[in-house]
Amino acid sequence: MSQCVKEIGLYVRDQDEALTFYVEKLGFRVHTDVRNGDYRWLTVQHPDQPSLQLGLFKPGPPVLDEATAQTLHAIVAKGAMPPLVLGVDDCRAAYERMHAVGVEFTQEPTSRYGNVDASFRDPSGNGWKMIEARR
Amino acid sequence: MSVDSASQDPELLRRLLRAKDRMDAASHEDWPVRRLARVSRVSEAHFARSFKRAFGVPPHRYLLTRRIERATALLRDTDRPITEIAFDTGWESLGTFGRTFRDVTGESPGAIRARARAEAHEFGRVPACFVSAAHRPDLTIAVSEKRRREAPDINGSRQKESP
């Protein structure tokens, strides 16, 4: 018997904007995009990691009340959500590619103890650390 | 999170975050309110108030915590001279650095370096950038206020010495 994480969700301010960002700028592709009224279940996955889906959810009704949604939008916009880590095999090359298409980097590639890492944010404010695996 | 902060416009918060990110990326640089306000695309008068409301500390104090954090990491992880670390983390003199560092952390830069070397590296599996954040000072009051609060002890002992 084994178990694994299949799906992890992020809160985003706008699902269309997030979809464009994760698909066109980060190289993910759409896994599921289903709507029912205001509700939209949207997940993307990376071609190199088909076992994991990244959910891009907009907090709001009917799942959450307006006040709670507003609080979550503020938390995301303040960059207060927990850190996310993207593993890459070449951090500097990934930085060049992503920077060229307008990804907002908050830290350029930096070497630390044999690893190279950089930081960027998605349009909503979610912070990603991009780390090159030690070779 | 306070109700006050939740009522701020997320679009404004996102732009304030950009100013915070810029300080994070280059904490050794000077960050006058004018420069930060421009990054966030708000007026200078609006910036300081909005930043404090959003992040709980005024921008200059936030910058101070990042400088102390970075200096602490350099003291811990490198063999570089303390003078060099002081200038590289944004201070204009070694004296100001030493005094501010002691006021904020309660220890001198040299003492922190010695203690860090003696401790085992229990954070080995955490990415280095997050380890550094774990040592960020939690500066909930102004440094001047901190000095003021600690001052009565000094005065008290002085009075005993000279009755």
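The dialogue below treats the interface and then a pocket.

Q: On what conventions do the values rest?
A: This is a predicted model, in which local features need pLDDT of at least 70 and side-chain atom pairs count only at pLDDT 80 or more, while totals for chains, interfaces and linings use all residues. Residues are numbered from 1 along each chain as its sequence is written, chains are lettered from A in the order in which they are written, and side-chain values use heavy atoms, with hydrogens and water left out.

Q: What area is buried between chain B and chain A?
A: The size of an interface is often given as the accessible area lost when the parts come together. Here about 1600 Å² is buried (1.4 Å probe, summed over both parts), and carbon and sulfur atoms give 61% of that area. Chain A brings 22 residues to the contact and chain B brings 19, where contact means heavy atoms within 4.5 Å.

Q: How many salt bridges are there between chain B and chain A?
A: A salt bridge places a side-chain nitrogen of Lys or Arg within 4 Å of a carboxyl oxygen of Asp or Glu. The count is 3; one salt bridge joins Arg18(B) to Glu104(A), at 2.9 Å from N to O.

Q: Which helix gives the largest share of the side of chain B that touches chain A?
A: Helices are DSSP runs (H or I, at least four residues), numbered from the N terminus. The largest share, 7 residues, comes from α2(B).

Q: How much space lies in the second largest pocket?
A: A pocket is an open set of points on a 1 Å grid over the protein atoms alone, where a 1.4 Å probe fits, with protein on both sides within 12 Å along at least five of seven lines; lining residues have an atom within 4 Å of a point. The second largest pocket holds about 560 Å³, and among its 23 lining residues, Phe28(A), His46(A), Gln49(A), Leu86(A) and Gly87(A) are the closest to its centre.

How values were computed:
Buried area is the accessible area (1.4 Å probe) that two parts lose on being put together, summed over both. Helices (H or I, at least four residues) and strands (E, at least two) are DSSP runs, numbered from the N terminus. Grid points are joined across faces, edges and corners, and a volume is the space filled by probe spheres set on the points.
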